[in-house]
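The following questions and answers examine how the parts of one chain are arranged. Please consult the structure while reading each answer.

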Amino acid sequence: MSRYIVRRLGFLLLTLLLTSIIIFTITQLLPGDVARIILGREASDTDIAALRAEFVLERPAPIQFITWLASFIVGDWGESYGTGQAIRPLVLERLGNSLMLAAVTLVISVPISVALGVVAGFREDSVLAHTISIGSLSVVGLPEFV
């Protein structure tokens, strides 16, 4: 059992790493200069160069990613461009609400799902079973807050 858990945690970490690489790559391919976007059109070249140096934007993309990943792992998640506040406390502050929402969703959805699965199992290949299957697949795509 412990091997299974370790294996699943390894897959979780691999999935998170691959997802972050894909998102980072997509953001690198977007047009425009991040420093210019943050500071605006009227910003001087000196200010833009200083911001690019602060955000490590003058280095190659792999170095930028490794720098970001290392900072993230040690708990430095950066600052919000909008408010100037540190991101980590903002995320952790809202984590409780997200966990509560997920718990309420589980408490409601699991019993309903089990009951519908039993009904669909007893009425295999009926209109009701197909309706339950299609409805279940449709509901899976809805966000939790709905």
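Q: Is the crossing in which α5 passes α6 left-handed or right-handed?
A: This is a predicted model. Two packed helices are described by the angle between their axes and the distance between the axes. Here the axes of α5 (residues 87-122) and α6 (residues 127-140) come within 8 Å and cross at roughly 145°. The crossing of α5 past α6 is left-handed.

Q: Which class of residue makes the contact of α5 with α6?
A: From α5, the contact involves Leu 116, Val 119 and Ala 120, while α6 supplies Leu 128, Ala 129 and Ile 132. No polar and no charged residues take part, and the 6 residues are nonpolar.

Q: Which residue meets Arg 52 in a salt bridge?
A: The structure holds 3 salt bridges. In one of them, Arg 52 belongs to helix α3 (residues 45-54), and its partner, 19 residues apart, lies in the loop between α1 (2-29) and α2 (34-39). The N to O distance is 2.6 Å, and the partner is Asp 33.

Technical notes. Residues are numbered from 1 along each chain as its sequence is written. This is a predicted model: local features need pLDDT of at least 70, side-chain atom pairs count only at pLDDT 80 or more; totals for chains, interfaces and linings use all residues. Side-chain values use heavy atoms; hydrogens and water are left out. Axes are lines fitted to C-alpha atoms, for helices over the stretch in contact, and angles run from 0 to 180 degrees between N-to-C directions. Helices (H or I, at least four residues) and strands (E, at least two) are DSSP runs, numbered from the N terminus. A crossing is left-handed if the near helix is turned anticlockwise from the far one by less than a right angle, and right-handed if clockwise. Contact means heavy atoms within 4.5 Å. Ala, Val, Leu, Ile, Met, Phe, Trp, Tyr, Cys and Pro count as nonpolar, Asp, Glu, Lys and Arg as charged, and the others, Gly among them, as polar. A salt bridge is a side-chain nitrogen of Lys or Arg within 4 Å of a carboxyl oxygen of Asp or Glu.
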